[in-house]
Amino acid sequence: MPFDVAAHYVTFMREVPSTEAVELLTHVGEGEATAVRGRAVHLLLDGKDRYHQVKLPAAHDRAMGVWTNRNLTVVRDLAERWG
């Protein structure tokens, strides 16, 4: 990772993305990176308060289809509760 991760968000998609969508969703930029794992897109940021400044390509919304996003703290809490 080219930066220290300060914030981690996970976007859960209804459908597994196509190969083309994975290519659109995989992104590394200044202070941000994404990785696609199955139906989850992991967004890693170098600052906790910069989620609203993410520079993902505009095509990512179409590539993701139906989705919901949570920060890693919420994901871990849900996994612990429903484990």
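Modeller: Glu-32 forms a salt bridge with Arg-50, with the closest N and O atoms 3.4 Å apart; a salt bridge is a side-chain nitrogen of Lys or Arg within 4 Å of a carboxyl oxygen of Asp or Glu. Glu-32 lies in strand E3 and Arg-50 in the loop between strand E4 (40–45) and H2, so the pair ties together parts that are 18 residues apart in sequence. Helices (H or I, at least four residues) and strands (E, at least two) are DSSP runs, numbered from the N terminus. This is a predicted model: local features need pLDDT of at least 70, side-chain atom pairs count only at pLDDT 80 or more, and totals for chains, interfaces and linings use all residues. Residues are numbered from 1 along each chain as its sequence is written, and side-chain values use heavy atoms, leaving out hydrogens and water.

Biologist: Is Glu-32 buried or exposed?

Modeller: Buried means under 20% relative accessible area, exposed over 50%, and partly exposed in between (1.4 Å probe, protein chains only). Glu-32 is buried, at 1%, and Arg-50 also counts as buried, at 15%.

Biologist: Which residue meets Asp-46 in a salt bridge?

Modeller: Side chains of opposite charge can pair when their charged atoms come close. Here Arg-50 meets Asp-46 at 3.3 Å, N to O; Asp-46 is partly exposed, at 38%.

Biologist: Which residues make up the largest nonpolar core?

Modeller: In soluble globular proteins, nonpolar side chains tend to be buried together. A nonpolar core is a set of buried Ala, Val, Leu, Ile, Met, Phe, Trp, Tyr and Cys residues joined through side-chain atoms within 4.5 Å. The largest has 7 residues: Met-13, Ala-21, Leu-25, Val-36, Val-41, Ala-63 and Met-64.
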